[in-house]
Amino acid sequence: ISDHIGGFIRPGFNPLLVPNAPTIGTASAGGGLDLSIAFTAPSDVGGGAITSYEAVATDTVSGVVFIASGSSTPISITGLTDGQSYTTTVTAINAYGPSGISGTSNSIQAQDIAGALWAWGANSNGALGDGTTTGRSSPVQIGTLTNWIKRAAGYYWNISAKIDGTLWAAGGNYSGVLGQGNTTNYSSPVQIGTLTDWTAEIGAGRVHFMGVKSDGSLWAIGNNSQGQLGDGSTTARSSPIQVGALTNWSKVACGESHTFAIKTDGTLWSWGKNGKGQLGKGNTTNTSSTVQIGSLTTWSKVQGGAKSQHMIKTDGTLWGVGNGYVGQLGDGTTVSRSSPVQIGALTTWADVSRNRNSVTARTTSKTLFSWGDGGTGELGHNNTTSLSSPVQIGALGTWKVTATDTSESQSSSAIKS
């Protein structure tokens, strides 16, 4: 009898005493060329305790595999090829050999997004994090580090994540939103706590913060007067609090006083202030708990502005909803929309970020576009002109990622190769 790992006979291998196969969970991207695969241990461990698990990531095109081992869920697989997509399987191993192979996970693309951090626009209270309070009408690099992966900005403050999973903040510290235990402003990034599991998603509203940790749990901090933290209350939180007990959250984005999120099943959810119908529920009623928007399961990314949102579907189309009075929806008008409207006809949108009333978005060819309110230079075109349709910023095709979420900022930022 052959051991399926490597196709050889393992000494002591006994198919009657090996564990059952683990139950596959969700594969999620790490900060660099790695992925994390979650799974559930088998209920039947066979003739002996499980000693390890082995995860295999397979390139969906070439069939090349990457293997990693671990003692429990999740297992990280590193060294993947930039831009390639992978599916993952897991086996359980005891003294008598490996189990059967689990089911196959979802497909996940490896993407090296770590890089230098750049920002531009208004800089009150040190909001850009460049050590000054000087406004910038074109991009300026923040420090010299090249290990930044995400950035979210609120009302003249920002929070950024590094590839090591640490969280950093700068700018105006209204209501202690920077997480430092004080209300002191910081014009350069300072670390929030010591945790290293902020590798999934972060979002910032006017004075509230939301984050998805590496285990898929959802966390909130800050002002909650409109129910924007989603914990079923309107009580402000000065330290992170978990929103419910679910661990299937994938994406999160904050508006002025509202929040949108996407689960791993592709469903779209919202909560908080709804005075302009920005929650997409067909009414103007606030909600302090998470509520699903429609029944579609094809949402992949979401970003929030003051009272509007932008979402990307799995087919690469871009959609907007909410206020459009300065062209921030990008549909060529200044009309507000209470239901999502597609922005143009492109199917190559890769990611999108928002500040208060303007948008920055990147295509799969790594070109950068912006539109909406340009009054403080936040569109990056070296002027203060507002735009109602997407316009490319420069000619570079080397932009790795736009900012994660800048719903209440009047600045913009992106990470360059």
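Which side chains meet in a salt bridge with 3.0 Å from N to O? Those of lysine 307 and glutamate 256. By salt bridge I mean a side-chain nitrogen of Lys or Arg within 4 Å of a carboxyl oxygen of Asp or Glu.

Before going on, the ground rules. This is a predicted model, where local features need pLDDT of at least 70, side-chain atom pairs count only at pLDDT 80 or more, and totals for chains, interfaces and linings use all residues. Residues are numbered from 1 along each chain as its sequence is written, and side-chain values use heavy atoms, with hydrogens and water left out.

Back to the pair. Strands here are DSSP runs of E, at least two residues, numbered from the N terminus. Both lysine 307 and glutamate 256 are buried; that is, under 20% relative accessible area, with exposed over 50% and partly exposed in between, using a 1.4 Å probe and protein chains only.

The whole structure has nine salt bridges. Another of them joins lysine 150 and glutamate 201, at 3.5 Å from N to O. Lysine 150 belongs to strand β11 and glutamate 201 to strand β15, so parts 51 residues apart in sequence are tied together here. Lysine 150 and glutamate 201 are both buried. Through shared partners, Lys150, Glu201 and Lys251 form one network. Arginine 136 and aspartate 130 also form a salt bridge, with the closest N and O atoms 3.1 Å apart. Arginine 136 is partly exposed at 26% relative accessible area, while aspartate 130, at 18%, counts as buried.

Next, strand β11. Six of its six residues are buried. β11 pairs with β12 in the antiparallel sense over five bridges; pairing requires at least two DSSP bridges between the strands. Tryptophan 148 stands opposite lysine 162 in β12. Three residues lie between the strands of this hairpin, where tyrosine 156 takes a positive phi near 60°.

Last, the nonpolar core, meaning buried Ala, Val, Leu, Ile, Met, Phe, Trp, Tyr and Cys residues joined through side-chain atoms within 4.5 Å. The largest one has 18 residues, and those with the most contacts inside it are Trp157, Ile159, Leu167, Ile202 and Phe209. The elements giving two or more residues to this core are β11 (148-153), β12 (157-162), β13 (167-171), β15 (201-204) and β17 (218-222). β12 supplies the largest share, three residues. Apart from this core lies another, of 17 residues, including Tyr53 and Leu80.

Conventions: Helices (H or I, at least four residues) and strands (E, at least two) are DSSP runs, numbered from the N terminus.
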